[in-house]
Structure formats: structure tokens, C-alpha cells
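Good morning, and thank you for joining. I would like to walk you through a single structure, helix by helix, and then turn to its loop.

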Amino acid sequence: MKAPKKKTAAAAVAGGGALLHHKAIATQEFGTVRRTLPIAIDADARQRTVQLLNQVLADTMTLRDLYKKHHWQVSGPAFYQLHLLFDKHFEEQSELVDTLAERIQTLGGISLAMAHDVAETTRIPRPPRDREEAAVQISRLLEAHQIILTECREFARQASEDGDEGTNDLLISDVVRTGETQVWFLNEHVV
Ligand SMILES: [Fe+2]
């Protein structure tokens, strides 16, 4: 008698989604870092830095989404200008999100990714679902920027103390410098 053929994963998918609801065992637990990684930063230091970076990541994802909300909902005499400006800043924040997430993976950690986890982690206050006037939108964005700028400068110092100048550079050269420029553009609308 022939042994029954084993179904391959590809065959199962082709056969109509037999792999749906597949419960896999995690290959790495959130909050841990790979113990061995030859980048000359010890695992404990990397674990501390990853935790800080996940905070900045959650806050940057929130700021990114706040820009898109305001891009869609803005109204008033400066509509066109702000509509374009908010989207430009959204694009720049999206770049930062990818840079931060990939830095976390580079350090052997696991980056936050999903909205549920971001909502539980961010320090930026939740805005209402309602439409708000442009001045309120800008004030909300400035507050969010200030939260990120404050924590980034502190975290950059901690990363340096842990011998992680790469993370220090990313936080200052990318996140802080981009944030400061965006604050400049927003702030000129309200002075
Ligand atoms: Fe758009």
C-alpha cells in the first residue's frame, strides 16, 4: 500500500486556504533581543535601547497618523496650503517609522507594528474623531512633536552611554532634525 501523500504548504494554499487560522509558535518573544549578534554592543544594552526605540516608534506612528487625519480634515482659508504641508510631513514621518523599526530589528529586537499596540504604548494624547479647526490641529501637532523631541534627546544620551552611537545618530540626525524642521513650518502658521 502506498503511503498517503503529505500536503505541502503551497498545495494547501492552492487547495483553498487550509492554512487559515494557523497558530504558529513565536520564533522570538516581544521584548527580547537576539543574544548573539556580532555588532559589538552587548545584549543588555541592546535590550534597553530597543525598549526606548519602540517608544519613539509608537509616538512617531501616532504623529504620522495625526498628520494624515489633519491632511484629510483640514478646512478654512489656508486649506490648500495646509492640506499639502500636512501630507508632506506625513511622508517624512512615514520614512522615520521605517528607519526606527528597522533599527530595532538591526539591534536584534522586535519592533511594534500594529495599531492596537501603538495605541497602548504612545504618550501622545488621543485626538477626538471630530473635525477641528486648523489652529487646534496645529497646536495638537506641535504638542506631539514636543513629546517626541523631548524623549529623543534623553534617549539619545542613554544610547550613547550604552555605547550605541548608531542609535544616537539616528535619533538626533533623523528624528530630532526632521521634527525640528517640521515644527518650524507649523509654528510659522501661528505666529
Ligand atoms: Fe491625500
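Please note at the outset that this is a predicted model. Let us begin with helix α3. Just after α3 comes Gly-108, which takes a positive phi of about 85°.

Which residues of α3 are buried? The list is Leu-82, Leu-85, Phe-86, His-89, Gln-93, Leu-96, Val-97, Leu-100, Ala-101, Arg-103 and Ile-104. As a general point, an α-helix has 3.6 residues a turn, so residues three or four places apart point the same way. The cover over the buried residues of α3 includes α2, α5 and α6.

Setting aside residues up to four places away in sequence, Leu-100 touches Leu-53, Val-56, Leu-57 and Thr-60.

This brings us to the core. The largest nonpolar core has 36 residues, and Val-56, Leu-57, Leu-100 and Leu-171 are those with the most contacts inside it. Two or more residues of this core come from each of α2 (43-73), α3 (79-106), α5 (134-161) and α6 (165-187). Which element gives the most? It is α2, with ten residues. In soluble globular proteins, nonpolar side chains tend to be buried together.

Let us now consider how the helices are arranged against one another. Two packed helices are described by the angle between their axes and the distance between the axes.

First, α2 and α3. These helices pack at an angle of about 160°, and their axes are 8 Å apart. Angles over 145 degrees count as roughly antiparallel, so α2 is roughly antiparallel to α3. Their crossing is left-handed.

Next, α2 and α5. The axes of this pair come within 10 Å and cross at roughly 165°. Here too, α2 is therefore roughly antiparallel to its partner, α5. The crossing of α2 and α5 is left-handed. On the α2 side, the residues that meet α5 include Thr-49, Leu-52, Val-56, Leu-63 and His-70. On the α5 side, among them are Gln-137, Leu-141, Ile-148, Phe-155 and Ala-159.

From α3, the contact is made by Leu-85, His-89, Glu-92, Leu-96, Thr-99 and Arg-103. From α6, Thr-167, Leu-170, Asp-174, Val-175, Thr-178, Gln-182 and Phe-185 take part.

With 28 residues, α5 reaches 41 Å from its first C-alpha to its last, close to the 40 Å expected at 1.5 Å a residue. Its buried residues are Ala-134, Gln-137, Ile-138, Leu-141, Ala-144, His-145, Ile-148, Cys-152, Phe-155, Ala-156 and Ala-159. These buried residues pack against α2, α3 and α6. After α5 comes Gly-163, whose phi is positive, near 80°.

In helix α6 we find Gly-166. Is Gly-166 buried or partly exposed? It has 15 C-beta neighbours inside 10 Å, and therefore counts as partly exposed. Gly-166 and Thr-178 are twelve residues apart in sequence, and their C-alpha atoms are 17 Å apart in space.

Compare that with another pair. The C-alpha atoms of Arg-34 and Arg-46, twelve residues apart along the chain, are separated by 9.2 Å. Arg-34 is in the loop between α1 (9-14) and α2. With 13 other C-beta atoms within 10 Å, Arg-34 is partly exposed.

I shall finish with two further residues of that loop. Most residues other than glycine have a negative phi, and most peptide bonds are trans. His-21, however, has a positive phi near 60°. His-21 lies in the loop between α1 and α2, and it counts as exposed because it has 6 C-beta neighbours inside 10 Å. Ala-40 also has a positive phi, of about 60°, although it is not a glycine. Ala-40 is found in the loop between α1 and α2, and with 7 other C-beta atoms within 10 Å it is exposed.

Thank you for your attention.

Notes
Residues are numbered from 1 along each chain as its sequence is written. This is a predicted model: local features need pLDDT of at least 70, side-chain atom pairs count only at pLDDT 80 or more; totals for chains, interfaces and linings use all residues. A nonpolar core is a set of buried Ala, Val, Leu, Ile, Met, Phe, Trp, Tyr and Cys residues joined through C-beta atoms within 7 Å. A residue is buried if 20 or more other C-beta atoms lie within 10 Å of its own, exposed if 12 or fewer, and partly exposed in between; C-beta atoms are placed from the backbone. Helices (H or I, at least four residues) and strands (E, at least two) are DSSP runs, numbered from the N terminus. Two residues are in contact if their C-beta atoms, placed from the backbone, lie within 7 Å. Axes are lines fitted to C-alpha atoms, for helices over the stretch in contact, and angles run from 0 to 180 degrees between N-to-C directions. Angles under 35 degrees count as roughly parallel, over 145 as roughly antiparallel, 65 to 115 as roughly perpendicular and the rest as oblique. A crossing is left-handed if the near helix is turned anticlockwise from the far one by less than a right angle, and right-handed if clockwise. The expected span of a helix is 1.5 Å times one less than its number of residues.
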